[in-house]
Amino acid sequence: MKNLLLLLSFAALIAFGAGCKTTTTMALGTFSEDESIKVEELGKQYGQDLLKGIKEKNYPLFIEHLSAEIKDKFSEDKFEKLCEQHTQQLGKQNEATYLGVLRHGPLVRAYIWKVEFEKNPPANQPGAQAVVYDKMFTVMIVKVDDNYQVLGFGFSS
């Protein structure tokens, strides 16, 4: 349950990071079939950058593809604290395998990975083995004007 709460808080900070004060609206564009290959390559790259940013605690890489509103609200201090909590709760992030894309209508694309984690047992449990398990990682991409941006992301079971 703690893991789920941590993951939800990570996603919530991104999804709702702009808060209720935002008065600007994004002019969302639609994805055409002609751009589907280009958009999938961008979505894969954006997701890989997010995962690598989290794994390596690399803030500039992590925020590179986020919308300006989310970047403004997601400070480097918050990012570092969440990365620490992420590692404590989930363990070491190992390899990520891209699984595919889901089309959520003409406005949103969801890119999905299987991410492997390895959590070592507590020091007070000698002889216990590390636990290796998988989580799903999803990145939501939207088109704003002629640019593609991360709308949200998160880990799930």
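The legends below describe close-up views of a predicted model.

**Figure 1. Overall arrangement of the protein.** The predicted model contains five helices and five strands. Read from the N terminus, these elements follow the order α-β-α-α-α-α-β-β-β-β. The protein has 157 residues, of which 38% are buried.

Figure 2. Helix 5 covers residues 76–90, a run of 15 residues. From its first C-alpha to its last, helix 5 reaches 21 Å, close to the 21 Å expected at 1.5 Å a residue. Its buried residues are F79, L82, C83, H86 and L90. These residues lie on the same side of helix 5, because they cover an arc of only 105 degrees around the axis. The face turned away from this buried side carries the exposed residues D77, K81 and Q88. Just after helix 5 comes G91, which takes a positive phi of about 95 degrees.

**Figure 3. The aromatic pair of F62 and F74.** The structure holds 11 aromatic pairs, and one of them is formed by F62 and F74. F62 belongs to helix 3 (residues 59–63), whereas F74 sits in the loop between helix 4 (68–73) and helix 5, so the pair ties together parts that are 12 residues apart in sequence. Both F62 and F74 are buried.

**Figure 4. The aromatic pair of W113 and F137.** The ring centres of W113 and F137 lie 6.0 Å apart with their planes at 55 degrees, so this pair is also tilted. W113 is part of strand 3 (residues 108–119) and F137 is part of strand 4 (residues 131–144), so the pair ties together parts that are 24 residues apart in sequence. W113 and F137 are both buried. One aromatic cluster includes W113 and F137 together with Y59, F62, F74, F79, Y98, F117, Y133, F153 and F155.

Figure 5. I112 is found in strand 3. Its relative accessible area is 13%, so I112 counts as buried, the limit for this class being under 20%. I112 and M136 are 24 residues apart in sequence, yet their C-alpha atoms are 6.9 Å apart in space. When residues up to four places away in sequence are not counted, I112 touches T97, Y98, L99, G100, L102, M136, F137 and T138.

**Figure 6. The largest nonpolar core.** This core has 27 residues, and those that touch the most other members are L50, F62, F137, V139, V150 and F153. The elements that give two or more residues to the core are helix 2 (36–56), helix 3, helix 5, strand 3, strand 4 and strand 5 (147–156). Helix 2 gives the most, with five residues. With its neighbours within four places in sequence left aside, F137 is in contact with G47, L50, L51, Y111, I112, W113, V115, F153, G154 and F155.

Notes: Residues numbered from 1 in each chain as written. Predicted model: local features only at pLDDT ≥ 70, side-chain atom pairs only at ≥ 80, totals over all residues. Heavy atoms only, no water. Helix = DSSP H or I, 4+ residues; strand = E, 2+ residues; numbered from the N terminus. Expected span 1.5 Å × (residues − 1). Buried < 20%, exposed > 50% of the residue type's maximum accessible area, 1.4 Å probe, protein only. Arc of directions from axis to C-beta. Phe/Tyr/Trp six-rings, centres within 6.5 Å; stacked < 30°, edge-to-face > 60°. Contact = heavy atoms within 4.5 Å. Core = buried A, V, L, I, M, F, W, Y, C linked by side-chain atoms within 4.5 Å.
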